[in-house]
Amino acid sequence: MLLGNYSREPLVFEKGRGSYLFDPSGVAYLDFLGGIAIHVLGHCHPGITHAIQKQAQRMVHVSNLYYNPAVVDLAELLVEKTFADKVFFSNSGTEAIEAAIKLARRYGASSGRYEMISMEGSFHGRTLGAMTLTGQAKVREGFGPLPPGFLYAPFNDFDKIRASRTANTVAVIVEPVQGEIGVIPAETDFLQKLRRWTQEEDILLILDEIQTGLGRTGTLFAYEQYEIVPDILVSSKALGGGLPLGALLTSERLSKFLPPGTHGSTFGGNPVACAAGAALVRALFAEDFLPERVRSMSSYLWDGLMALKNRYPSLIREIRGKGFMIGCVVSVSAKKIKDLFREERVLVNATGPADDVIRILPPLSITYDETDDFLSVAEKIFSSLPVEKS
Ligand SMILES: Cc1ncc(COP(=O)(O)O)c(C=O)c1O
């Protein structure tokens, strides 16, 4: 019955609690993927579940013709915790990206500028606009003709980006850590140069923090660690505490380019999703996840992974990423290793252009014991592979 556009694993899950998912017979799997960077506080966090229940009993949907307290509450929280003055809510990351494309084009309209430069290897979503913005040919293949106005430049290469700029360039979009192509962080010097140059040239800097946001890299949003402020930030994934929600964050000045009638979404800013999102953001701070707990727990995991790399240098080429967004670059098939993890009831993901990166996205709430369990499964897998231990 389900259309075959996903390659699903041979697994069924019907319950989640904390760092674990359970199959119908109650077998537990340690979830180090979290619904692809959704569950930053694990499954069914009590505060988030309570917020969803409370809001669902009160009011599920009202439309954007009216205000509702839940949407205002989350917008206020995001404004308080970030650079932004204004928030637009969508239902997904892709939709928030579309909003950013539209805002950038409206911004450039008076000077005839509409072109956006995105990074090679980037991923921004699946609609026609977001897909065309995505810097991976395989994602766009077979969907032409694509909308004009999208250019690609090498990630982490400021000079090439500057050289690819034309008279029509209005915006540059970057992920602070490229997730889908294999967990590749932006270099600090690169992002800082890009920020200075875009500011000088009146080009908008858009950060796609759909995967890096909500504490995943160790701060609420990754831009804080780069000590830059974007013009537009796009969030989603973890934002809705497990419910579909996306957001575009921007300044008062730029928000004026999307006046009434220029953009919208029937469900965007749904009260239940916003209530869940507000509970999540509050829990991230109230429970001291940011930055202390994430810093200490993620360095414990990183230390374990680096030790593993040192023991199996011919199998593990690199550990990279930021905080709890980790890529383990391997010299054997990442898919095969992901399957071996699954057999040990641990969920990770295989990515990378050459099937060479294991993507590890644990909840920020993992314990030392869960981390140790993960590391001993990893040790078991790598020690079983046919390569000499150094
Ligand atoms: C960086 C980034 N941008 C955009 C998207 C698209 O978000 P969504 O799947 O919610 O539409 C994703 C999803 O993986 C992503 O990782």
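Which side chain has an N or O atom 2.7 Å from an oxygen atom of the ligand? I found that this atom belongs to Gln211, and I count as a polar contact a pair of N or O atoms within 3.5 Å, where within protein one must be able to donate a hydrogen and the other to accept it, and residues adjacent in sequence count only if both atoms are side-chain atoms.

Before going on, I note that this is a predicted model, in which local features need pLDDT of at least 70 and side-chain atom pairs count only at pLDDT 80 or more, while totals for chains, interfaces and linings use all residues. Residues are numbered from 1 along each chain as its sequence is written, and side-chain values use heavy atoms, with hydrogens and water left out.

For the shell I took residues with a heavy atom within 4 Å of the ligand, and the list includes Ser92, Gly93, Thr94, Phe123, His124, Glu175 and Glu180. By class I noted 2 nonpolar, 6 polar and 4 charged residues in this shell, where Ala, Val, Leu, Ile, Met, Phe, Trp, Tyr, Cys and Pro count as nonpolar, Asp, Glu, Lys and Arg as charged, and the others, Gly among them, as polar.

**Cavities and a pocket**

I searched on a 1 Å grid over the protein atoms alone, where a cavity is a set of points at which a 1.4 Å probe fits but cannot get out, a pocket is an open set with protein on both sides within 12 Å along at least five of seven lines, and lining residues have an atom within 4 Å of a point. Grid points are joined across faces, edges and corners, and a volume is the space filled by probe spheres set on the points.

I found 2 cavities of 30 Å³ or more. The largest holds about 40 Å³ of space, and its lining includes His61, Val62, Asn68, Phe267 and Pro271, with 3 nonpolar, 8 polar and no charged residues.

The second largest cavity has a volume of about 30 Å³, and its lining divides into 8 nonpolar, no polar and no charged residues, among them Leu305, Cys328, Phe341 and Phe374. Helix H14 (368-384) gives the largest share of that lining, 3 residues, and strand S17 (357-360) also supplies at least two; helices (H or I, at least four residues) and strands (E, at least two) are DSSP runs, numbered from the N terminus.

I also recorded the second largest pocket, of about 960 Å³, where Asn64, Val87, Phe88, Phe89 and Leu258 are the closest to the centre of the 28 lining residues.

**Rings**

How many aromatic pairs does a search of the whole structure find? I noted 9, taking rings of Phe, Tyr and Trp (its six-membered ring) with centres within 6.5 Å, and calling planes under 30 degrees apart stacked, over 60 edge-to-face and the rest tilted. Phe32 and Phe374 form a stacked pair, 4.4 Å centre to centre with 15 degrees between the planes. Phe32 lies in the loop between strand S3 (28-31) and helix H1 (34-37) and Phe374 in helix H14, so this pair ties together parts 342 residues apart in sequence.

**Backbone**

I noted a cis peptide bond from Gly144 to Pro145, with omega near -5 degrees, and another from Leu290 to Pro291, also with omega near -5 degrees. Pro145 lies in the loop between helix H6 (137-140) and strand S6 (150-153), whereas Pro291 is found in helix H12 (residues 289-311). Lastly, Ile36 has a positive phi of about 60 degrees although it is not a glycine, and its place is in helix H1.
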